[in-house]
Amino acid sequence: QVQLVESGGGLVQAGGSLTLSCVASGSIRYIRNMGWYRQAPGKQRELVAIITSSGYANYARSMKDRFTISRDNDKNTLYLQMNSLKPEDTAVYYCNGDVVKMDGSQRGYWGQGTQVTISS
């Protein structure tokens with residue numbers, strides 16, 4: 001079994017910062033791409049940022065200058081540093097990982113999400 005668990009969400013004022021974490025656990029050999037996605041009420045889930053196992057990151061255009069994705073492969077942990085937060089960043093943030101399991105099988109896993117609310 002593999003689990004991804006996000007943490008770090010909360011309520012902050014516009015202009016503030018938050019750091020999200022996502023810890024993967026279970027029968028993991030290694031994790032390929034990892035990413036953060038978000039879903040606002042009434043909207044489709046959208047990509048925030050993704051990062052390869054070697055650390056190459058790619059961002060959604062509207063978040064590139066404010067958010068930083070990083071990972072610690074030894075700890076199977078993914079991070080998202082969010083700065084200059086805006087009310088429109090309010091959403092549930094989800095972690096995704098492309099996991100190669102110890103038995104050699106591979107599939108994507110999602111976390112349960114963490115709520116981020118930005119007040120104006």
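Trainee: How many helices and how many strands does the secondary structure of the protein chain come to?

Mentor: Keep in mind that this is a predicted model. The protein chain has zero helices and 11 strands, and read along the sequence its pattern is β-β-β-β-β-β-β-β-β-β-β.

Trainee: What makes the protein chain as compact as a globular protein of that length?

Mentor: The radius of gyration is 14 Å, and the globule rule gives 14 Å for 120 residues, so the protein chain is as compact as a globular protein of that length. The box filled by the C-alpha atoms, taken along the principal axes, is roughly 50 × 25 × 25 Å. Of the contacts between residues at least 6 apart in sequence, 55% join residues at least 24 apart. Buried residues make up 39% of the 120 residues, and the accessible surface comes to about 6,500 Å², with 45% of that belonging to carbon and sulfur atoms.

Trainee: Why is Ala14 called partly exposed?

Mentor: The relative accessible area of Ala14 is 40%. Since buried means under 20% and exposed means over 50%, with partly exposed in between, a value of 40% makes Ala14 partly exposed. Ala14 is found in the loop between β2 (10-13) and β3, and, leaving aside neighbours within four places in sequence, Ala14 is in contact with Leu85, Pro87, Ile118, Ser119 and Ser120. Arg61 is 47 residues away from Ala14 along the chain, and the C-alpha atoms of the two are separated by 19 Å.

Trainee: Which strands form the open sheet, and which of them are the edge strands?

Mentor: Four strands form the open sheet, in the order β1-β3-β8-β7 and with antiparallel pairing. The edge strands are β1 and β7, because each pairs on one side only. From one strand to the next, the twist averages 15 degrees.

Trainee: What makes the phi of Asn76 worth a remark?

Mentor: Most residues other than glycine have a negative phi. Asn76 is not a glycine, although its phi is positive, at about 50 degrees. Asn76 lies in the turn of the hairpin that β7 and β8 form with four residues between them. Ser84, in the loop between β8 and β9, is not a glycine either and has a positive phi of about 50 degrees; at 41% relative accessibility, Ser84 counts as partly exposed, because that value is between the 20% and 50% limits.

Trainee: Which residues touch the most other members of the largest nonpolar core?

Mentor: That core has 30 residues, and Trp36, Val48, Phe67, Leu78, Leu80, Met82 and Tyr93 touch the most other members. The elements that give two or more residues to this core include β3 (18-26), β7 (67-72) and β8 (77-82). In soluble globular proteins, nonpolar side chains tend to be buried together.

Key: Residues are numbered from 1 along each chain as its sequence is written. This is a predicted model: local features need pLDDT of at least 70, side-chain atom pairs count only at pLDDT 80 or more; totals for chains, interfaces and linings use all residues. Side-chain values use heavy atoms; hydrogens and water are left out. A nonpolar core is a set of buried Ala, Val, Leu, Ile, Met, Phe, Trp, Tyr and Cys residues joined through side-chain atoms within 4.5 Å. Buried means under 20% relative accessible area, exposed over 50%, partly exposed in between (1.4 Å probe, protein chains only). Two strands pair if DSSP finds at least two bridges between them. Axes are lines fitted to C-alpha atoms, for helices over the stretch in contact, and angles run from 0 to 180 degrees between N-to-C directions. The radius of gyration is taken over C-alpha atoms; the globule rule is 2.2 Å times the number of residues to the power 0.38. Contact means heavy atoms within 4.5 Å. Accessible areas come from the Shrake-Rupley method with a 1.4 Å probe; for residues, only the protein chains shown count as cover.
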